[in-house]
Amino acid sequence: TSADIQWDATCCRVPVLDGHTAVVTLLCSSPISRDEAIKAWSGFSGTPQSMQLPGAPNPILAVAAGDDRPQPRLDRMNGNGRTVTIGRIRENRSVRNGITFVVVGHNRRRGTYGNTILNAELLFQSGLLS
């Protein structure tokens, strides 16, 4: 459950067009391996995907291979800018049951206006907007 996870993140704002990078450390209630994290992320799907909302990215998460990925200039447009890319995944031995990774997302298409559109679609499909 979400109560079993603690996390810490640092967002790296650099002069890159339309991409944000964050370094995240998850502290889990039990040990988690790199392969378990990759499997969970690779199979993740949320409510917008199950409702087949027009603005819902599919997949919502992409796992990048390579020690130098993700990178904003190379990965921000995955899924037409709506997919969040995760990489540089490693078990964090400095904290108990920790895993650390880098995440890149398009700050407008996945953030700001992209999420505003997705929220409006969700409200409309749920019958809360007419």
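Two strands pair if DSSP finds at least two bridges between them. The views below show a predicted model.

**View 1. Strand E4 and strand E5 run antiparallel and are joined by 6 bridges.** E4 covers residues 84–92, and E5 covers residues 98–105. One of the paired positions is Arg 90, whose bridge partner in E5 is Thr 100.

View 2. Thr 21 stands opposite Val 104 of E5.

**View 3. Strand E5 is largely enclosed by the rest of the structure, because 8 of its 8 residues are buried.** In a regular strand the side chains alternate between the two faces of the sheet. In E5, Gly 98, Thr 100, Val 102 and Val 104 point one way. Ile 99, Phe 101, Val 103 and Gly 105 point the other way. The residues of both sets are all buried.

**View 4. A salt bridge between Asp 18 and Arg 108 links distant parts of the chain.** The closest N and O atoms of this pair are 2.8 Å apart. Asp 18 lies in the loop between strand E1 (5–12) and E2, whereas Arg 108 lies in the loop between E5 and H4. The two residues are 90 residues apart. Asp 18 has a relative accessibility of 23% and therefore counts as partly exposed. Arg 108 is likewise partly exposed, with a relative accessible area of 37%. This pair forms one of the 3 salt bridges that the structure holds.

**View 5. Arg 69 and Asp 75 meet through their side chains in a salt bridge.** The N to O distance is 2.7 Å. Arg 69, at 25% relative accessibility, counts as partly exposed. Asp 75 is buried, since its relative accessible area is 3%, and buried means under 20%.

**View 6. Glu 91 forms a salt bridge with Arg 93.** The closest N and O atoms are 3.6 Å apart. Glu 91 counts as partly exposed at 36% relative accessibility. Arg 93 has a relative accessible area of 72% and is therefore exposed.

**View 7. Ser 33 touches Glu 91 and Ile 99, when residues up to four places away in sequence are not counted.** Ser 33 is found in the loop between E2 and helix H1 (34–42). With a relative accessible area of 23%, Ser 33 is partly exposed. Of the two residues it touches, Glu 91 also takes part in the salt bridge with Arg 93, and Ile 99 is one of the buried residues of E5. Ser 33 and Leu 118 are 85 residues apart in sequence, and their C-alpha atoms are 32 Å apart in space.

**View 8. Leu 123, Phe 124, Leu 128 and Leu 129 make a nonpolar surface patch.** The area of this patch is about 410 Å². Phe 124 belongs to helix H4, which spans residues 112–125. Phe 124 counts as exposed because its relative accessibility is 53%, and exposed means over 50%.

Key
Residues numbered from 1 in each chain as written. Predicted model: local features only at pLDDT ≥ 70, side-chain atom pairs only at ≥ 80, totals over all residues. Heavy atoms only, no water. Buried < 20%, exposed > 50% of the residue type's maximum accessible area, 1.4 Å probe, protein only. Helix = DSSP H or I, 4+ residues; strand = E, 2+ residues; numbered from the N terminus. Patch = residues over 30% accessible without salt bridge, like charges linked within 9 Å, V, L, I, M, F, W, Y side chains within 5 Å. Areas by Shrake-Rupley, 256 points an atom, 1.4 Å probe, with all protein chains shown as cover. Salt bridge = Lys/Arg side-chain N within 4 Å of Asp/Glu carboxyl O. Contact = heavy atoms within 4.5 Å.
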